[in-house]
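Biologist: Hi! I'm new to this one, could you walk me through it?

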Amino acid sequence: MKIYKKENVLEAGLERMRYLFDEFENVYVNISGGKDSTIVFHLALQIAREKNRLPLNVLFLDQEAEWDATINYVREIMEMPEVKPFWFQIPVRIENATSQYESHVNLWGEGEEWLREKEPMAIHSVPFKTDVFYDFFPAILKHYHKGEKACHIAGVRGEESPTRLLGLTNASTYKWITWGKNLNGAEHHYNFYPIYDWSYKDVWKYILDNKLKYNVVYDYQYQHGISVNKMRISNLHHETAIHQLFYMAEVEPENYNKLCIRIHGIDSAVKSGSTGFFVYELPFMF
């Protein structure tokens, strides 16, 4: 059961952000180019200005198979004078949900033909060994801040999943905070999600009220009839992003053509369409 307080989610989000900046000397804001990380970035930037903690560390793990619009949007953020960019374009293995033959894709692999050239400002190699997406974020803190308190701040919301909501509210992670998780065991490294109780309506209201720039992929999704609460931006072969491929050729045809060459299963998934790719009914006596 949700318990409603007198303060709204914006007030709570800012107060949580202030607390994190007071508790942690090393703070990284993780962005994906999506609407939730847009909110987290701007809240963190507001508090960093308030507490004289600029430039703000902003981290983006570039998964190569991204919308061109996402890269353009991220580039605008990373070029801001108040931002210290940590744009990583390093080899990373990620699951490929479009193919039954190629279960993983080695993005930014050495000697391979990438979807686009690497950014001059990006970090192209790291002094630690990990090529798994989820291992990367703990490894960053463990390498650069061993023995120091450090945290990632990300835009994860409980509304997107009942299991996620339960995980963010049932046990304390750091002091009184439940909305996060510990990384690296004994090290004082954490992930925190200060907008965990925001609704997608709160997210879009904040963007509108503050006249913020956002990823134009959301406009493409709106034009293609995607309901606002289901709009999501991710790497394009992620299991939750398959539906994006069904209209990608219309809005970014050159990027789509490159994606079909680079990653196995993309073109087959699109030609199958939403009714052919997803199984809605099991066979008789399955």
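This is a predicted model: local features need pLDDT of at least 70, side-chain atom pairs count only at pLDDT 80 or more; totals for chains, interfaces and linings use all residues.

Biologist: Let's start with helix 2. How many of its residues are buried?

Modeller: Of its 16 residues, 13 are buried, so helix 2 is largely enclosed by the rest of the structure.

Biologist: And what span should helix 2 have, going by 1.5 Å a residue?

Modeller: Helix 2 covers residues 35-50, and those 16 residues should span 22 Å. The C-alpha atoms at its ends are 23 Å apart, which agrees.

Biologist: At what angle do the axes of helix 2 and helix 6 cross?

Modeller: Roughly 55°, and the two axes come within 10 Å. Helix 6 is residues 200-209. Helix 2 and helix 6 are therefore oblique to each other, and helix 2 passes helix 6 in a left-handed crossing.

Biologist: Which residues make that contact?

Modeller: On the helix 2 side you have Lys35, Asp36, Ile39, His42, Leu43 and Gln46. Helix 6 brings Tyr200, Val203, Trp204, Tyr206 and Ile207. Sorted by class, the contact of helix 2 with helix 6 has seven nonpolar, two polar and two charged residues.

Biologist: While we're at helix 6, is aspartate 202 buried, exposed or partly exposed?

Modeller: Aspartate 202, which lies in helix 6, counts as partly exposed because its relative accessibility is 26%, between the 20% limit for buried and the 50% limit for exposed.

Biologist: How far is aspartate 202 from asparagine 8 in space?

Modeller: The C-alpha atoms of aspartate 202 and asparagine 8 are 9.7 Å apart, while the two residues are 194 residues apart in sequence.

Biologist: Back to helix 2. What follows it?

Modeller: Asparagine 52 follows helix 2, in the loop between helix 2 and strand 2. Asparagine 52 has a positive phi of about 55° although it is not a glycine. With a relative accessible area of 70%, asparagine 52 is exposed.

Biologist: What kind of peptide bond joins leucine 54 and proline 55?

Modeller: A cis one, with omega about 0°. Proline 55 is in the loop between helix 2 and strand 2, which is 56-61.

Biologist: Where does glutamate 64 lie, and what is its phi?

Modeller: Glutamate 64 lies in the loop between strand 2 and helix 3, residues 68-78. Its phi is near 65°, a positive value in a residue other than glycine. Glutamate 64 is buried, with a relative accessible area of 0%.

Biologist: New topic: helix 4. Which of its residues are buried?

Modeller: They are Phe133, Phe136, Phe137, Pro138, Ala139, Ile140 and Leu141.

Biologist: What does proline 127 touch?

Modeller: Leaving out residues up to four places away in sequence, proline 127 touches His143 and Tyr144. Lysine 149 is 22 residues from proline 127 in sequence, and their C-alpha atoms are 20 Å apart in space.

Biologist: Let's finish with helix 10. At what angle does helix 9 pack with helix 10?

Modeller: About 120°, with the axes 7 Å apart; helix 9 is residues 253-262 and helix 10 is residues 266-277. The two helices are therefore oblique to each other. Tyr256, Leu259 and Cys260 of helix 9 meet Ile266, Asp267 and Val270 of helix 10. The residues of this contact are five nonpolar, no polar and one charged.

Biologist: How do the axes of helix 8 and helix 10 cross?

Modeller: The axes of helix 8, residues 242-251, and helix 10 cross at roughly 110° and come within 9 Å. That makes helix 8 roughly perpendicular to helix 10, and their crossing is left-handed.

Biologist: Which residues meet there?

Modeller: From helix 8, Ile242, Leu245 and Phe246 meet Ile266, Ala269, Val270, Gly273, Ser274 and Phe277 of helix 10. By class, the contact of helix 8 with helix 10 has seven nonpolar, two polar and no charged residues.

How values were computed: Residues are numbered from 1 along each chain as its sequence is written. Side-chain values use heavy atoms; hydrogens and water are left out. Helices (H or I, at least four residues) and strands (E, at least two) are DSSP runs, numbered from the N terminus. The expected span of a helix is 1.5 Å times one less than its number of residues. Buried means under 20% relative accessible area, exposed over 50%, partly exposed in between (1.4 Å probe, protein chains only). Axes are lines fitted to C-alpha atoms, for helices over the stretch in contact, and angles run from 0 to 180 degrees between N-to-C directions. Angles under 35 degrees count as roughly parallel, over 145 as roughly antiparallel, 65 to 115 as roughly perpendicular and the rest as oblique. A crossing is left-handed if the near helix is turned anticlockwise from the far one by less than a right angle, and right-handed if clockwise. Contact means heavy atoms within 4.5 Å. Ala, Val, Leu, Ile, Met, Phe, Trp, Tyr, Cys and Pro count as nonpolar, Asp, Glu, Lys and Arg as charged, and the others, Gly among them, as polar.
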